[in-house]
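Visitor: I'm new to this structure and would like to learn how to read it. Could you walk me through it, one feature at a time?

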Amino acid sequence: MGQPDTLNVTLVEPELVVEVGVDVARDASVRWRPPRLHRARPDRSPADAPRWTVPPR
């Protein structure tokens, strides 16, 4: 196996809340399917959205 790629990351402040649909299925290449944008939620504040966390191992 090769070395994992190094990713460059730019942190940003969230300004817009959106609803997305996610799927646990994988495509024929065994890659995760990408999330699908459902709609923007201008009635919600970014402070209302739960933060992503690392799942326990």
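Visitor: What percentage of the residues in the chain is buried?

Guide: Before that, a word on the model: it is predicted, so local features need pLDDT of at least 70 and side-chain atom pairs count only at pLDDT 80 or more, while totals for chains, interfaces and linings use all residues. Residues are numbered from 1 along each chain as its sequence is written, and side-chain values use heavy atoms, with hydrogens and water left out. Now, buried means under 20% relative accessible area, exposed means over 50%, and partly exposed is in between (1.4 Å probe, protein chains only). Here, buried residues make up 5% of the 57 residues in the chain.

Visitor: How much accessible surface does the chain have?

Guide: Such areas come from the Shrake-Rupley method with a 1.4 Å probe; for residues, only the protein chains shown count as cover. For this chain the total is about 6,200 Å², and 57% of that belongs to carbon and sulfur atoms.

Visitor: How many helices and strands does the chain have?

Guide: Both are DSSP runs, numbered from the N terminus: helices (H or I) take at least four residues, strands (E) at least two. This chain has 0 helices and 2 strands. Strand E1 covers 18-21, and strand E2 covers 36-40.

Visitor: How many salt bridges does the structure hold?

Guide: The general idea is that side chains of opposite charge can pair when their charged atoms come close. The cut-off is a side-chain nitrogen of Lys or Arg within 4 Å of a carboxyl oxygen of Asp or Glu. By that rule the structure holds 3 salt bridges.

Visitor: Which residues are linked in a network of salt bridges?

Guide: Glu19, Arg39, Arg41 and Asp43 are. Take glutamate 19 and arginine 39 to begin with: their closest N and O atoms are 3.0 Å apart. That pair links distant parts of the chain, with glutamate 19 in strand E1 and arginine 39 in strand E2, 20 residues apart. Glutamate 19 also meets arginine 41 in a salt bridge, at 2.6 Å from N to O. Arginine 41 lies in the segment after E2 and glutamate 19 in strand E1, so this pair ties together parts that are 22 residues apart in sequence. Finally, arginine 41 forms a salt bridge with aspartate 43, with 2.7 Å between the closest N and O atoms.

Visitor: Is arginine 41 buried or exposed?

Guide: Its relative accessible area is 14%, so arginine 41 is buried. Arginine 39, at 46%, counts as partly exposed.

Visitor: What is aspartate 23 in contact with, leaving aside its neighbours within four places in sequence?

Guide: Contact means heavy atoms within 4.5 Å. Aspartate 23 sits in the loop between strands E1 and E2, and with those neighbours set aside, it is in contact with Trp32, Arg33 and Arg36. Its C-alpha is also 7.8 Å from that of proline 34, 11 residues apart in sequence. With a relative accessible area of 27%, aspartate 23 is partly exposed.

Visitor: Where is tryptophan 32 found?

Guide: Tryptophan 32 is in the loop between E1 and E2, and at 51% relative accessibility it counts as exposed. Leaving aside neighbours within four places in sequence, tryptophan 32 is in contact with Asp23, Val24, Ala25 and Arg26. Alanine 25 is found in the loop between E1 and E2, and it touches Arg31, Trp32 and Arg33, not counting residues up to four places away.

Visitor: How much space lies in the largest pocket?

Guide: On a 1 Å grid over the protein atoms alone, a pocket is an open set of points where a 1.4 Å probe fits, with protein on both sides within 12 Å along at least five of seven lines; lining residues have an atom within 4 Å of a point. Grid points are joined across faces, edges and corners, and the volume is the space filled by probe spheres set on the points. Here that space is about 480 Å³. Of the 13 residues lining this pocket, the closest to its centre are Val18, Val20, Ala49, Pro50 and Trp52.
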